[in-house]
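Open the model in your viewer and keep the selection panel at hand.

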Amino acid sequence: MRQAGRYLPEFRELRSQHDFFTICQTPALACEITLQPIRRFPDLDASIIFSDILVIPQALGMVVEMRPTVGPVLPDPLVTPEDIGKLSYPVSIREKLGYVMEAVTLTRHKLEGSVPLIGFSGAPWTLMGYMIEGGGSKTMSKAKSWLYKYPKESERLLSILTETVVDYLVEQVVAGAQLLQVFESNAEYLGPDLFKKFALPCIQNISLGVKEKVKARNLNDIPMTIFAKGAHYALSELANSGYEVIGLDWTIDPEEARRCVGPNVTLQGNFDPCGLYAGVDDIEVNVKNMVNKFGKQRYIANLGHGIYPDIDPDHAKVFMETVHLF
Ligand code: CP3
């Protein structure tokens, strides 16, 4: 949830000297930024490798830029299904994204066992959204138009992405990642029907594929988290999709979420990132309230989505301290 990022002055300082994706591609810099919040906040229980979900479209040959004040831009998006042919697929993950694996290994060493390291990827529908919209979107109407107009071709694109994501996540495990998180941040634009038809099968195939391949390579089984933002309607399906942890955004009540998923998965979340704008006394009250509702078993305290750049790092600290004290 942007554990490292623009809310930290030490990140802004380093970022002012380098382009965003240059940082992602330079293992020493990606490692340094991953460690920044770990140094600053002794209460953090885990670290997440500094990178971005959009390195996958880059690996498939698309140009992705991170523009100040705009966010990610793909200047040459997929327009019609024929454009799928332009993607450089299959991808050699080691060749194209070897820099991520180097950053993971370097960071594992530098952490010296202090906290575990999380690897991650975007989920196929979310990546497809960026690849067709050419960046963020308020409606995802272009990407959704593919699902209605070109369902077979959409499935083809989603399966290309699924296979690429599986290989990418397995390589992160080989490199040293100890938990994997899959971000389906654009789930909120799909209703139950489209989600179950297009997004969910990919999410299931990713956990299945990763766990099979990890086993085949004689590595330890790897816990996995699925964060499908806004997909309340699919929580019970997500609970049976092969992930140990389900990440929640702040728009669902923890007790209701637990009722939907049953007792066998861990829940993660779901503090409103804007809740960190509150005064510290209110943050404490609200964090305690959240933890009470989730209970202290099978629960990972976290924000419900990415932290905003203008959040006071001391307020983030109060969040973490309250979780631990309570
Ligand atoms: O959490 C971490 O510290 C790990 C690093 C991380 C980043 N992006 C760094 C980042 C992770 C896990 C991501 C995932 C990511 N990237 C997602 C999924 C999670 C989510 O937020 O839903 C998505 C959708 C992206 C794509 C992306 N990258 C967007 C939409 C933006 C712009 C955000 C904004 O606030 O304008 C980014 C940029 C980005 N990714 C930043 C960071 C630290 C800020 C970039 C900058 O310095 O300019």
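Start with the largest nonpolar core, which has 93 residues. Select M128, A199, I226 and I246, the ones with the most contacts inside this core. A nonpolar core here is a set of buried Ala, Val, Leu, Ile, Met, Phe, Trp, Tyr and Cys residues joined through C-beta atoms within 7 Å. Buried means 20 or more other C-beta atoms within 10 Å of a residue's own; exposed means 12 or fewer, partly exposed in between, with C-beta atoms placed from the backbone.

Now color helix α9, residues 151-175: the largest share of this core, ten residues, comes from there. Helices are DSSP runs of H or I with at least four residues, strands are runs of E with at least two, and both are numbered from the N terminus.

This is a predicted model: local features need pLDDT of at least 70, side-chain atom pairs count only at pLDDT 80 or more, and totals for chains, interfaces and linings use all residues. Residue numbers start from 1 along each chain as its sequence is written.

Next, select helix α14, residues 313-325. Show A316, V318, F319 and T322, its buried residues. They sit on the same side of α14, because they cover an arc of only 155° around the axis (the arc of directions from the helix axis to the C-beta atoms). Turn to the other side: D314, H324 and L325 are exposed.

Last stop, the ligand. Which residues are closest to the ligand? Select Q3, G5, G71, F183 and S185. In total, 22 residues surround the ligand, each with its backbone-placed C-beta atom within 6 Å of it.

Methods: Expected span 1.5 Å × (residues − 1).
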